Amino acid sequence: MAKSDCKNILNLIPLYIDNMLSEEETDIVARHLETCEHCRNEYEFIATLTKETKKLNEIEVSSDFHKNLMAKAEQKARTKKSRKFILLRRAGAGVCAAAVIALCVVTYNGLNKHQESTNPDEYISPTSGVSQNPVKLTNEAPNTQSDVSAPKTQSTPIETPQKVAETPQEAPEAPSGGGSSAAPVEEACPSAISLDDTVSTYTVATVTTNEDNRDAIEQILSRYEKDETGYKVADINPLLLQLAEMGATVETRTDSTVTQNYIILE
Amino acid sequence: MDEAKLIKRIKTGDMDAFSQLVGAYEKKAINYAYRMLNDASDAEDATQEAFLKVFDKIDTFREKSTFSTWFYTVLNNVCLDILRKRSRTADTVSINQTANDDDEYELQLEDSAPGPYEQLQKNEAQRLLQDAIAQLSNEHRTMIIMRDINGFDYEEIAKITGVSLGTVKSRLSRARLALRSILKENRELFT
């Protein structure tokens, strides 16, 4: 038996054990093993090592592994939810702002139309509406629309913000007056713009964090004025997103009893 | 356990479903990491990191491969990252490796004090085998653990490690020969 044969056979034995050789190679190895004791010993040794490897003792999972992992996963889930909620509120605020602007335009044009209709010299186009300026028979320049800042008072409630909040699965539950971050549908536009002509609502965010992040978060918040309620933050959403990205848990609610947005660090 | 249903539930934020999935995988995963890293504490850290990564990215899991393939890909990569960091920071003793593995390995027993998990070793053969696996290169160790301990088939190993089937065959073959080479002086314990 040539030594080179045995060397080649040795190289084939590991895959022969797993039946991963071609038919031809399997046949060559099988016939060689019938006649070569040295290679038979090698085959048995490698096969035994493979078998013994399968039987190596397993280590046990430590008793708090699962609990610690789930705690971290839940923290991740909360952070994800806060981020989604903040982005949703931003989208909602955007929609609200657009709706309010549209309302202003309607109101403004409606008022214009009313004023113009009392002047018998003026012609009002039967198709004039939100986007059209009336054609005047006087020499005055047509009115241009300006100052579409949202008025605080209005007569018609806007329904759009309700649709924004209802669609996603993470839709918050209706609170009972200034509840938690499960803010209700009508509170999707919290920041200083009220759709109810009697009540202004602001955001109060409660931020909790672990000891590792507390110092960094306190440092950020120290830039803002603080009173007995908390830190006063005018443009609150970007800051809440930043804190959530740092690993803090953010819970928000709208509050009609405060006069601006607050962050409370617990 | 219907894995597909659990994953669907996890995507909706169902933490109980995630807990069940973890329960089904954690022991084998920790043991995989333990064999790769040869340290129980590192193994739990690596496994935890892998679980949190898949949890974070669960929405991107499209079920084109099995969850098992995906999870072990992540876990394997976490272990390899740890091993790379270790080799950058620690003094390592290189083991001579050549294309012909015969006679090139020596059995090197760790001289650190045995950890608590070594109490689990039933006999000298197991201890030697465990040490020998730890001596293998990262590539060879991955093959032995995936095939001989976790029982993955060759195709799954190829998917997890991102190499071709031919490469898996070649690496596994050399890995088994390397173990043989390390342990041949103690052959009598394995008959």
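Contact means heavy atoms within 4.5 Å. The model is predicted: local features need pLDDT of at least 70 and side-chain atom pairs count only at pLDDT 80 or more, while totals for chains, interfaces and linings use all residues. Residues are numbered from 1 along each chain as its sequence is written, and side-chain values use heavy atoms, with hydrogens and water left out.

**View 1. The contact between chain A and chain B.** Chain A brings 36 residues to the contact and chain B brings 45. About 4200 Å² is buried between the two chains, 62% of it from carbon and sulfur atoms. Buried area is the accessible area (1.4 Å probe) that two parts lose on being put together, summed over both. On the side of chain A, Phe45(A), Asn57(A) and Ile59(A) lose the most area to chain B, together 17% of what that side buries.

**View 2. Salt bridges across the interface.** Eight salt bridges are found between chain A and chain B; the rule asks for a side-chain nitrogen of Lys or Arg within 4 Å of a carboxyl oxygen of Asp or Glu. Lys76(A) pairs in this way with Asp56(B), their closest N and O atoms being 4.0 Å apart. Helix H1 (3-17), helix H3 (37-54) and helix H4 (65-117) of chain A are the elements that each give two or more residues to the side touching chain B. H4(A) supplies the largest share, 11 residues. Helices are DSSP runs (H or I, at least four residues), numbered from the N terminus.

**View 3. Confidence in chain B.** The pLDDT (the predictor's confidence in each residue, from 0 to 100) averages 85 in chain B, and 82% of the residues score at least 70. Over residues 94-104 of chain B the pLDDT is below 50. Where pLDDT is low, the predicted coordinates should not be read in detail.

Notes
Chains are lettered from A and ligands numbered from 1 in the order in which they are written.
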